[in-house]
Amino acid sequence: MISKSEGELPAVVAPTAACPRTAPRALLALDPAMAREVFTAQAWRRLEACVRLDRSLTAVGGFDDPALREELAACEILITGWGSPHLGPSALARMPRLGHVVHCAGTVKALFDPAVYARGVSVSNAAEANAVPVAQYTLAAIILGAKRAFTLAHRLGAGSLDEHGSHRDLTGLPWLGTRGLTVGVIGASRIGTRVVRLVREVLDASVLLYDPYTDAGLTADPAVRRASLAELLRRSDVVSVHAPLTPETDRLIGAAELALMRDGTVLVNTARGGLVDTDALRREVLRGRIDAVLDVTDPEPLAEGDDLHGAPNAFITPHIAGALGNEITRLGDLAVAEIERITSGLEPWHAVDAAGLGRLA
Ligand SMILES: NC(=O)c1ccc[n+]([C@@H]2O[C@H](COP(=O)([O-])OP(=O)(O)OC[C@H]3O[C@@H](n4cnc5c(N)ncnc54)[C@H](O)[C@@H]3O)[C@@H](O)[C@H]2O)c1
C-alpha cells in the first residue's frame with residue numbers, strides 16, 4: 001500500500017472504465033492552457049472515467065458568468081488550479097451540491113473564502129506533489145552549497161589561481177564538503193520532512209529540526225533530533241528554511257539569528273523571502289561569513305543591481321524550486337488520484353486542515 005506521502009505518483013484507486021451516468025458532476029475551473037499543462041492524456045482518461053466532467057473552462061472568467069448557471073447548480077466536485085477565480089460566498093451559493101474542491105496546485109489560502117470550509121466543503125490541494133521538486137532542489141542546494149560550488153565557479157570564471165597555479169583555488173574557505181554535516185531544517189512541513197528524508201538517505205548528515213507546532217519528520221532515527229531555533233542556528237553547517245510566511249515567521253531569521261550562525265554556514269531559503277531579513281543577510285554574505293542559496297527573496301525579485309546578485313558566495317534563482325515544466329503533471333496526477341478516492345467513497349488524502357490554515361503554507 002502506498003502511503004499518501006510516499007512515492008512519486010499517487011495510487012490509482014478507481015478502475016479506468018467508462019464513466020457511469022450516475023457519476024458525480026465535476027466542473028473544471030481551470031484555464032485551458034493550464035489544464036493541458038497539468039493533466040497528461042492518461043490523467044484526462046482517469047478523470048473522465050470517474051466524474052461527468054463539465055469542461056466549462058470559461059469559469060476562469062469568474063463564477064458569476066450566467067452561462068454557467070446549470071453547471072454550477074450541478075457541480076459536486078470543483079477542480080481549480082493556478083489562475084482559477086476566487087471562490088466566495090455568492091459563487092458558493094450558486095453551487096448547492098458542492099462537496100469537494102480539488103486544487104491542482106499548492107497554497108489555497110487566498111483562493112477560498114472561509115465560507116467554503118464553514119459549509120463543510122472539503123478542500124484538497126496538491127501541495128504534497130509540489131513539495132517533491134522543492135525538496136529535490138533543496139538537496140541539490142545543500143550539496144552544492146557545502147561543496148562551495150558557487151564560490152568556486154565564480155573563481156573559475158574570474159580566472160583565479162591558487163598559490164600553485166591551479167585553477168581549483170580552494171584558498172580561504174571556512175570548510176568544504178558534504179561529509180558528516182549537521183543540517184538544520186526550520187519547519188517540519190511537507191517540504192521540510194521530505195528534505196529530512198532526502199538528507200538522511202543521500203548524505204551521512206545529522207539533522208536538527210525546529211518546528212514549534214508539530215513532531216512530523218521525527219522518527220526513531222537518532223540522527224534526526226528536535227532543537228530550539230537558537231541551538232539549530234548555532235550548531236548547523238547548513239540551515240534550510242521550510243516554514244510558511246506568517247505574521248509569526250516574518251523575518252524569523254534576522255540579524256540576531258544570523259549572528260548565531262557559525263562562520264561558513266550555508267543558508268538555503270526555498271520557502272518565502274520574508275522569512276529572512278534581506279539587509280541583514282546581505283551584510284553577512286558580503287562579509288563572506290555566510291553563504292546563501294536563495295530561491296525566494298524579499299523583495300522578489302531583488303532590486304536591479306542588488307549586491308547579493310554579484311556576491312560569489314550567493315546563488316539566487318527566480319522562484320523555480322516548485323513544480324515547473326515537466327514537473328507540473330505531478331500536480332494533476334495527485335488531483336486525479338484524490339478525485340478517484342472521493343468518487344470511490346474514500347476520505348480525501350490531501351484535505352486542507354481549515355483550522356490550522358494560519359500555520360500552514
Ligand atoms: N520555492 C517554491 O517554489 C515553493 C514551492 C512550494 C512551497 N514553498 C514554500 O515552502 C514552505 C513550506 O511549504 P509546505 O507546503 O511544505 O508547508 P506546510 O504547510 O506543509 O507546513 C508548514 C509547516 O511550518 C510549520 N510552522 C509554522 N509556524 C512555524 C514557525 N514559527 N517556525 C517553524 N515552523 C513553523 C508548521 O507547523 C508546519 O509544519 C512555505 O513557505 C511555502 O510557501 C515554496
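Gly99 has 24% relative accessibility, so Gly99 counts as partly exposed (buried means under 20% relative accessible area, exposed over 50%, partly exposed in between, with a 1.4 Å probe and protein chains only). This is a predicted model, where local features need pLDDT of at least 70, side-chain atom pairs count only at pLDDT 80 or more, and totals for chains, interfaces and linings use all residues. Residues are numbered from 1 along each chain as its sequence is written, and side-chain values use heavy atoms, with hydrogens and water left out.

Stay with Gly99 for a moment. Gly99 sits in the loop between helix H4 (89-93) and strand E4 (100-103). Helices (H or I, at least four residues) and strands (E, at least two) are DSSP runs, numbered from the N terminus. Leaving aside residues up to four places away in sequence, Gly99 touches Glu76, Gly120, Val121 and Ser122; contact means heavy atoms within 4.5 Å. Ala323 lies 224 residues from Gly99 along the chain, and their C-alpha atoms are separated by 27 Å.

Now go to helix H13 (residues 329-343). Its 15 residues should span 21 Å at 1.5 Å a residue, and its end C-alpha atoms are 21 Å apart, which agrees. The expected span is 1.5 Å times one less than the number of residues. H13 is mostly covered, with 13 of its 15 residues buried. Just after H13, Gly345 takes a positive phi of about 80 degrees.

What packs against H13 at an angle of about 20 degrees? Helix H2 (residues 41-50) does, with the two axes 10 Å apart. Axes are lines fitted to C-alpha atoms, for helices over the stretch in contact, and angles run from 0 to 180 degrees between N-to-C directions. That makes H2 roughly parallel to H13 (under 35 degrees; over 145 is roughly antiparallel, 65 to 115 roughly perpendicular and the rest oblique). Ala43, Arg46, Leu47 and Cys50 of H2 meet Asp333, Val336, Ala337, Ile339, Glu340 and Thr343 of H13. By class, this contact has six nonpolar, one polar and three charged residues. Ala, Val, Leu, Ile, Met, Phe, Trp, Tyr, Cys and Pro count as nonpolar, Asp, Glu, Lys and Arg as charged, and the others, Gly among them, as polar.

A second pair is helix H6 (residues 127-146) and helix H8 (residues 190-202), whose axes come within 8 Å and cross at roughly 45 degrees. H6 and H8 are therefore oblique to each other. The H6 side of the contact includes Ala131 and Leu139, and the H8 side includes Arg194 and Leu198. By class, the contact of H6 with H8 has 13 nonpolar, two polar and three charged residues.
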